[in-house]
Structure formats: C-alpha cells, structure tokens
Amino acid sequence: MPAETFEFQVEARQLLQMMIHSIYSNKDVFLRELISNSSDALDKLRLESLRNSELKADTSDLHIAIEVDRDQRTLTVRDNGIGMSHDEVVQLIGTIANSGTAKFLKELKEAKDSTASQELIGQFGVGFYSSFMVADEVTLLTRHAGESQGTRWESSGEGTYTVETVDEAPQGTSVTLRLKPEDTEDQLFDYTSSWKIREIVKRYSDFITWPIRMSSESPAEAAEESEASAEVETINSMKALWARSRDEVTDDEYSELYKHISHDWSDPLETVRMQAEGTFEYQALLFIPSHASQDLYTQGHKRGVQLYVKRVFIMDNCEALMPEYLRFIKGVVDAQDLSLNVSREILQQDRQIQLMHRRLVKKVLSTVKDLMSGSPDRYLTFWKEFGPIVKEGLLSDFENRDAILGITSFASTQDEERLTTLQEYVERMKEGQQHIFYMTGESRSAIESSPHMEAFQAKGFEVLLLTDPVDEVWVQSVPEFDGKQLQSIAKGEVDLDTEEEKKEVEAEREKQQQDYAGLLSWMTTELSESVKEVRLSSRLTVSPACIVSDTNDVTPTLANMYRAMGQEMPEIKRILELNPTHPLVTGLKKTHTEREADASLAEAAELLYGMALLADGGELSDPSRFIKLMADRLERTL
C-alpha cells in the first residue's frame, strides 16, 4: 500500500506549537514520554498474553532499547511490546490532528474537574508530539503483536505527515528522531550523548519495571572497532522499592532512596509505607528526616513529595500531596490512574489527588503517634526538629486538629526536663480544675520568673510553657482539648480558689475592694493613656503589680508579629493589676488617702506601671523619663 499523505489542520499546527512551548518547558521530558509509551506497550502485551493464549507474540525478553547514531544524529527508542495496527496509528497519532485546537481546549475545559481531563492531556499523541521539541523529523515504525504487517508514520512537524503499510517490521514500536543541532541556550542538549541519556533515564525513568538497555557506544563507534566492543547495558535500576513488600527491601535500600530523593547525608528517622487498592490505586513510600534542613523556615523552601504515575517520574515537590506544615516529609507517591501530563494547577483541583492528600496526612500523623508510644527517644528527636512546624497545622488543618494536638508536646512546670502532652496534663489536673493553663514567652526562664506565675506556683497548678513563636498564634484558634478550655494565665481574671477557699476570703476581698476603690479609680484616670483599667489581682503573691491582657484582646507579641508582616494593628491598652498585700501597694494606698494632691504620688504610680511593664517583657514608651524618675526616687531614700 502506498504512503498516504495527510495535511495538518491550521488549528493542529497551533496546538502542536502550544504543546511544545507551553506544556514542556523542560525539553528533556521528551525521552520520559517515549519511554513511558514503551513501558505501557510492554505492560499491555504482558496482560494480553495472559488473557489470550493464542496470541502469537514473543514475550521472552520484554525490554526497552535506546539507540543513538552520532554521525546521523539520530536517537531511537524501541520496545518489543504490543505495538499498533494501521488503524490505531491513524487514530492515536492523529488524535490531535483530527481534533483541532478549539475542540481540544473545549473538551479540556469541560472535563477539568475530572479524571477525563487528565486523560485528555495525557493522550499518546500529546506525549509523542513532544519529540518535535528536539527533532526535525520523527519516524515511527510499529507492528501489532500477532499481525504480519507493520505501519510507518513520518513527519517533520510542519505541514504534513505520512502513513504507510510495510511488510517488514519487528514486533513492537520504534520511534526514531532526527535531532536538531545542539543549542544549550535554548535548553536543547546533545541527546546523542550517552551520559545525557543516562542522566535523563536516572531522573525520570529509573524505576520503570522493564529494563532500559543502551549500548555503551553508539553503533557507528562500535563498527569502527568491532561489534563486540559495544556492550549492551541496562541503565535503569528497575527497583521500585515502594512496590515491593517490606520483607523484600532492606533498611539500607530505603536509606539510599531517601538520600537520593532528599540529598541528605543522614539516614531517615522513620520510613512510612502505604498502599491503597480498589477504585483508586497508589503506593507511597515516605520518609521522616532525622533533622531539619537549613532552609526549612525560608520562604523559598520547596516542599512536597515526588509524584510518579505507573513508575514514571512526573514532578518533584508535588505540593498538592503534602500540606505546608508537613513540608519536611520526603518520599515518593506512585499513582496508577493519573495522567502523565498533569499540571500543578490541575493537581490542586483533582479529586483523586485530594483523597491521596488526606490519606497521606493521616498516615504520617498516625506514624508519629506510634513513635510517641513505641519509640519515645525517636519521637523526642522528631519533636525537637519539627515540632514548631507541625504546630502550624493547628492553624490550617481543621480536619486533623485533634490528631495534631495528640502528637504535640509541651514544656511544663510539672517537670523541668520531660515534655508533656495535653492528655497527660488533663489526667494530672486538680479536682475541680476546668482550664488548661498556659503562658507564652521567649524562654522557659522568662516565663517561670514572670509575676503571672506566682499564684499558680503557690497553689501547685501546672502551667504549660509555650516558647515557640507559632504558639502565640495557634492558641488563639484552639479553644479546648478534651472538653477543657485553654486559658492564658496572662489574660483575663484568674480564679484558683476552691469553693471553701472562696468562702474564707470572700469577706476579706470585699473589704480590700472597698479600701482600694479610691486608689484604683485615681490610678485608672492617672494612667489612662497607658492602661484601660487598674484593679486588684488574685494572681500575685510576691510582686507588687503585673500587666495582663483582657480576655479577648490580642497579646502584644502577637500584635508585633502582625505588624512585622505588614498588617496594621491598633494600640491595645492593657490592664494593670495590683497586689493588695504588697508593702509598696499598701504604702501607695496610704499616701493617696492622706495626700492625694502630692505630685510624687503620680510619679510613684508611673514607676509602678513601668516596673510591671518591664517584668512582662514590654518596652517603655519613654525610657529616659523612667530612669530619671527612678534615680530621683532612689536619691531621696539615701
């Protein structure tokens, strides 16, 4: 049968250009596409041979071969798989040519939220046409297994393509590219170079199930010496560790894969295996590193795991599979039902990807939970390295908030060395205690020396010590745990007395309120530019005064964090609490009663407020004035 010549439609030429310049910015992926097509052809032949015992096909040595000819500047990818019939070539390779740009894009738009959209993008024709990024001419020769005649398809990617039937053709498919001249500025490399081909195969197709073979020398070079000098080598490892059972893989092999993926020199802290079967099949092999990378907190840090489809590498750092708060997780996810050519934008909307995301997150969190109970030392290593990052999930992952709280540990006044969980805290709560008490601060020592801690220390109430910057934020959005409300000891009013203690001190406190009413009112007016209220405190036992935030107000530290991010925050006045039993406060009350108009009284009130502000870690609005007042007061006492 003579060769048939077909013309590309105008729309098809435009679509071909779009595929080349838009979808494939990295030209190396043409080889990934051809190898993937070959791998699929081999998979189909193996399956068909099992189904059809009468199929006349050779399945004794299924493989993919890559051949280069430096003199002719050609590269051939060959397989001995299922092959294609004449009609299949016209139908599959001509898909784009027959559809037209408008129809293709219309179908893509209509199907963008379903698997069909990715199937549309991932049609054989699209991947096959990526060859024209690197080739001036492409020749496809194929013969369907069990048939006697083959088909040749040929095109320069311009105006026409030809299809003809041939009598002599080996089983399977070969794609021969007449390569364009090398142009490194345009990311067009020398694809006859053995090292370049090995590099691409190693990166994109190393875990393909079938052997990918290539001569150590090109045929032309081998002919000059002797044919025996060109040894055929398998250049992919074919080790898809995630597809093998646990007992078939050593820890060293897992570690080597982790190091290859993460570029880390250390072994992983934990390996997480996962396999999903049924309507949507995928396998995952994830790694929890043993230490945080230096760029983990930088804005340009790349997160996400590697995505494979049927053991073909699709993309690094697939963000759609792993949330920001698990950005340290490394590994591989291999899906069976995704397209090869999905974009990051499509992945964000894909229902199957979203389902995988949910399951992977739950698996990682449950693995950390298991570490907590089964390997406390390794858990402590994990928490020391990644705890602050994991707590970011309390702000974003509401579905898994309880699971995140379940693996979270905190420093506590209960033990100077050992961390505690919220569950352990609840189990130790005093009878009648309704709140989980905490305080945020820069360090443990700063919190423990804070005046806010005095009553809690005196009465033996445990307080969680939160010192990570993210703690300031997440405690605002997590109202309770196990039915117990979280309460900052530096906000609102504190009531630590039992019912019996309240009855015993009720009369005394009422008297204090009456005795101090004049002083409190006067100080509230005198310090009105700095505080919203001056009141008596139930949290102080040693210090004369302390500064607290109102129950629902943003803390100064959190307000400063928002300002640092460019958000405008109004100045929030706080509350000054006085210790009615402290000599400085009782002396201030006495002076106010005897000589309210004394100018030194206002200075004393200002100093008392300044000391409370400094004890809280705040900044004075006028440090020079504070120092002058303090110096004058000290001078008069000497």
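The dialogue below walks through several features of a predicted model.

Q: What helices and strands are there in the protein, and how many of its residues count as buried?

A: This is a predicted model, and the protein in it has 24 helices and 23 strands. Of its 638 residues, 48% count as buried. The protein exposes about 32,100 Å², and carbon and sulfur atoms supply 47% of that area.

Q: How should I read contacts between residues that are at least 6 apart in sequence, and what share of them join residues at least 24 apart?

A: A contact here means heavy atoms within 4.5 Å. Among contacts in the protein between residues at least 6 apart in sequence, 71% join residues at least 24 apart.

Q: Where does H144 lie, and is it buried or exposed?

A: H144 is placed in the loop between strand 4 (135-143) and strand 5 (150-155). Buried means under 20% relative accessible area, and because H144 has a relative accessible area of 19%, it is buried. When its neighbours within four places in sequence are left aside, H144 is in contact with I82, G83, M84, S85 and E88.

Q: What is the general idea behind a salt bridge, and how many are there by this rule?

A: Side chains of opposite charge can pair when their charged atoms come close. The rule asks for a side-chain nitrogen of Lys or Arg within 4 Å of a carboxyl oxygen of Asp or Glu, and by this rule the count comes to 39 salt bridges.

Q: Which residue forms a salt bridge with R32, and is R32 buried or exposed?

A: R32 forms a salt bridge with E33, and their closest N and O atoms are 2.8 Å apart. R32 counts as buried at 6% relative accessibility, and E33 is buried as well, with a relative accessible area of 2%.

Q: Which parts are tied together by the pair E270 and R378?

A: The side chains of E270 and R378 meet in a salt bridge, at 2.1 Å from N to O. E270 lies in strand 10 (residues 270-276) and R378 in helix 13 (residues 376-390), so the pair ties together parts that are 108 residues apart in sequence. R378 counts as partly exposed, at 30% relative accessibility.

Q: Which strands hold E577 and R535, and are these residues buried or exposed?

A: The side chains of E577 and R535 meet in a salt bridge at 3.0 Å, N to O. Because E577 lies in strand 23 (residues 574-578) and R535 in strand 21 (residues 531-536), the pair ties together parts that are 42 residues apart in sequence. E577 is buried, with a relative accessible area of 2%, and R535 is buried, with a relative accessible area of 10%. Elsewhere, salt bridges that share partners join R303, E319, E324, R327 and E392 into one network.

Q: Which residues form a negative surface patch?

A: The negative surface patch is formed by D402, E427, E480 and D482. Of these residues, E480 has its place in strand 19 (residues 480-481) and is partly exposed, with a relative accessible area of 37%.

Q: Where is D495 found, and what separates its C-alpha atom from that of R539?

A: D495 is found in the loop between strand 20 (484-488) and helix 20 (499-526), and D495 is partly exposed, with a relative accessible area of 47%. D495 and R539 are 44 residues apart along the chain, and their C-alpha atoms are separated by 8.1 Å.

How values were computed:
Residues numbered from 1 in each chain as written. Predicted model: local features only at pLDDT ≥ 70, side-chain atom pairs only at ≥ 80, totals over all residues. Heavy atoms only, no water. Patch = residues over 30% accessible without salt bridge, like charges linked within 9 Å, V, L, I, M, F, W, Y side chains within 5 Å. Areas by Shrake-Rupley, 256 points an atom, 1.4 Å probe, with all protein chains shown as cover. Lys, Arg positive; Asp, Glu negative; His and termini not counted. Charge placed at Lys NZ, Arg CZ, Asp CG, Glu CD. Helix = DSSP H or I, 4+ residues; strand = E, 2+ residues; numbered from the N terminus. Buried < 20%, exposed > 50% of the residue type's maximum accessible area, 1.4 Å probe, protein only.
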